[in-house]
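Subject: Handover of a structure and notes on its contents

Dear colleague,

Please find below the structure that I am handing over to you. My notes on what was found in it follow directly after.

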Amino acid sequence: MYPFPVFLFLTILCLLGSTADAIGVNWGTMSSHPLPPPKVVELLKSNEVSKVKLFDADPLVLQALSGSNIVVTLGIPNSMLKTLNSSRKAAESWVHDNVTRYFSHGGAGVRIEYVAVGDEPFLQSYGDQFHPFVIGAAMNIQAALTKANLGGEVKVVVPCSFDTFVSESGRPSKGHFRTDLNKTMIELLTFLSKHHSPLFVTISPFISFQQNKNISLDFSLFKENARHHNDSHRTYKNSFDLSYDTLVSALSKIGFPEIDIVVARIGWPTDGAANATSSIAETFMKGLIDHLHSKTGTPLRRRNPPIETFMFSLLDEGHRSITSGNFERHWGVFTFDGQAKYHFNFGQGTKNLVNAQFVEYLAPKWCVVNNNKDLSNASASALEACFTSDCTALSPGGSCSNISWPSNISYAFNSYYQQNDQRADSCDFGGLGLITTVDPSVDTCRFFVELQTSHSTSAHEAYIFLRIILLLACLFLCLLGFAW
């Protein structure tokens, strides 16, 4: 689908010289038609990605990773924290089903390194929905791992969101944990230290740039000409160091100045907002890679960079929550179908990034608005279509924000049509929709064709089967009535 092969992960894997395995990638699966797990594992292996962080423990994903030699961080969804906090038995069952069953003891199986309890459960917008259960859940998972004789091989961690730590003045030296989390963070860090586990945390220069008018785009992108930020005798040249040392200060204030840090998520989105473009993401990733490769660390942790960094993320996810912004569905280095979005020259002779191969798509058909119809109510139909499908590319600053009416209506119609497996009735819209075999994509605005998956096939077959059953039932009732 994309004409240019690009490279990224091989340069990422060379970031830290001999410690290339300290770089990984987040793999999320919140899509209506996700790329099949074996295809994703093939994508990871072809790009020599050695570590992957998951947000759950999908059996199909774990089966695909089995024998791959890729080191895995398993995720536990926030929805399970309350149960795992209250029930040691539930924790033992989860460990048995998702760790013991797949764990590699040097042969086949999955190389599980961490179990991540929760997905940023301390996010401020969640309030108290999850965080009261985190510590208890982590302790019960740790106890279950110990009981399964895996306590020394698999570490328990808790991914912390970017807003867990703050500095009202913007100065790293004034960094502290949110007051509502202070006690919880002390408990968590005590637990992590006891078991020699690192602190997992998100660093988000993109969101920091969006929320803080004192942080410039150049400062976020590691540009040499960016205005520096000074904090006493320390000088900060980029947003990453500023955020990282804010965390280091927060850790020092509660007595954990030396704990290891893993950057669990960091990246730059490519759509859905102003300054979320492929070219800017490319600049950010190159700057980040150069910075980590230098091993200079930060002003508060000289020559001591994060022990691991997980890029966010591998693929775009059309079903991610957009509560914090439409860009949330566009963090991927690759598009939803495994095609690289951008390229840059790292200058060390590494080969190009390899796209997903032999990807299976639905038929090359699109749903567009029928210009021969009365379109006075077309906008209402488009809004309805976007309610359940992904129209985030139409956002201000997005890749499709400049297409004119009624092309934007067509984009909404097509998004809904593709999500529903190209069923003819999903391109009806009260007679306003029209199926075409001519690609309506314009410039940077891609009218996508959805992936062919077992889900889409089975759903379509189930739909047809149900129609046949209903027709047979009606025929039977009619015959029965005629006989009477």
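The angles run from 0 to 180 degrees between N-to-C directions, and the axes are lines fitted to C-alpha atoms, for helices over the stretch in contact. Helices (H or I, at least four residues) and strands (E, at least two) are DSSP runs, numbered from the N terminus.

Please note that this is a predicted model, in which local features need pLDDT of at least 70 and side-chain atom pairs count only at pLDDT 80 or more, while totals for chains, interfaces and linings use all residues. Residues are numbered from 1 along each chain as its sequence is written, and side-chain values use heavy atoms, with hydrogens and water left out.

Helix pairs

Two packed helices are described by the angle between their axes and the distance between the axes. The axes of H6 and helix H7 (residues 182–194) cross at roughly 15° and come within 10 Å. H6 and H7 are therefore roughly parallel to each other. Their crossing is left-handed, a term used if the near helix is turned anticlockwise from the far one by less than a right angle, with right-handed used if clockwise. On the H6 side the contact is made by Ile135, Ala138, Met139 and Gln142, and on the H7 side by Thr184, Glu187, Leu188 and Phe191; contact means heavy atoms within 4.5 Å. By class, the contact of H6 with H7 has five nonpolar, two polar and one charged residues. Here Ala, Val, Leu, Ile, Met, Phe, Trp, Tyr, Cys and Pro count as nonpolar, Asp, Glu, Lys and Arg as charged, and the others, Gly among them, as polar.

Helix H6 (residues 134–147) also meets helix H5 (residues 88–100), where the axes come within 8 Å and cross at roughly 60°. H5 and H6 are therefore oblique to each other, and their crossing is right-handed. From H5, the residues Arg88, Ala91, Glu92, Trp94, Val95 and Val99 meet Asn140, Ile141, Ala143, Ala144, Leu145 and Lys147 of H6. The residues of this contact of H5 with H6 comprise eight nonpolar, one polar and three charged.

Disulfides

How many disulfides does a search of the whole structure find? The search finds three, a disulfide being a pair of cysteine sulfur atoms within 2.5 Å. With the bonded cysteines numbered in sequence order, the pairing is 1-5, 2-3, 4-6.

Cysteine 367 is joined to cysteine 427, with an S to S distance of 2.0 Å. The torsion about their S-S bond is about 85°, so this disulfide is right-handed. Cysteine 367 lies in strand E15 (residues 366–369) and cysteine 427 in the loop between helix H13 (407–419) and strand E16 (433–436), so the pair ties together parts that are 60 residues apart in sequence. Both cysteine 367 and cysteine 427 are buried; buried means under 20% relative accessible area, exposed over 50%, and partly exposed in between (1.4 Å probe, protein chains only).

Cysteine 386 and cysteine 391 form another disulfide, with their sulfur atoms 2.1 Å apart. This link is left-handed, with -90° about the S-S bond. Cysteine 386 counts as partly exposed at 23% relative accessibility, whereas cysteine 391 counts as buried at 11%.

A further disulfide joins cysteine 400 to cysteine 445, S to S 2.0 Å. The torsion about the S-S bond of cysteine 400 and cysteine 445 is about 100°, so the disulfide is right-handed. The pair links distant parts of the chain, 45 residues apart: cysteine 400 is in the loop between helix H12 (378–388) and H13, and cysteine 445 in the loop between E16 and helix H14 (454–483). Cysteine 400 is buried at 2% relative accessibility, and cysteine 445 is buried at 1%.

Helix H2 and leucine 54

In helix H2 (residues 37–46), the buried residues include Pro37, Lys39, Val40, Val41, Leu43 and Leu44. The buried residues of H2 pack against strand E1 (23–27), strand E2 (51–54) and helix H3 (59–65). Just after H2, glutamate 48 takes a positive phi of about 55°.

Leucine 54 lies in strand E2 and is buried, with a relative accessible area of 4%. Not counting residues up to four places away in sequence, leucine 54 touches Trp27, Val61, Leu62, Leu65, Val72, Thr73, Leu74 and Gly75.

Yours sincerely

Methods:
Parallel < 35°, antiparallel > 145°, perpendicular 65-115°, else oblique.
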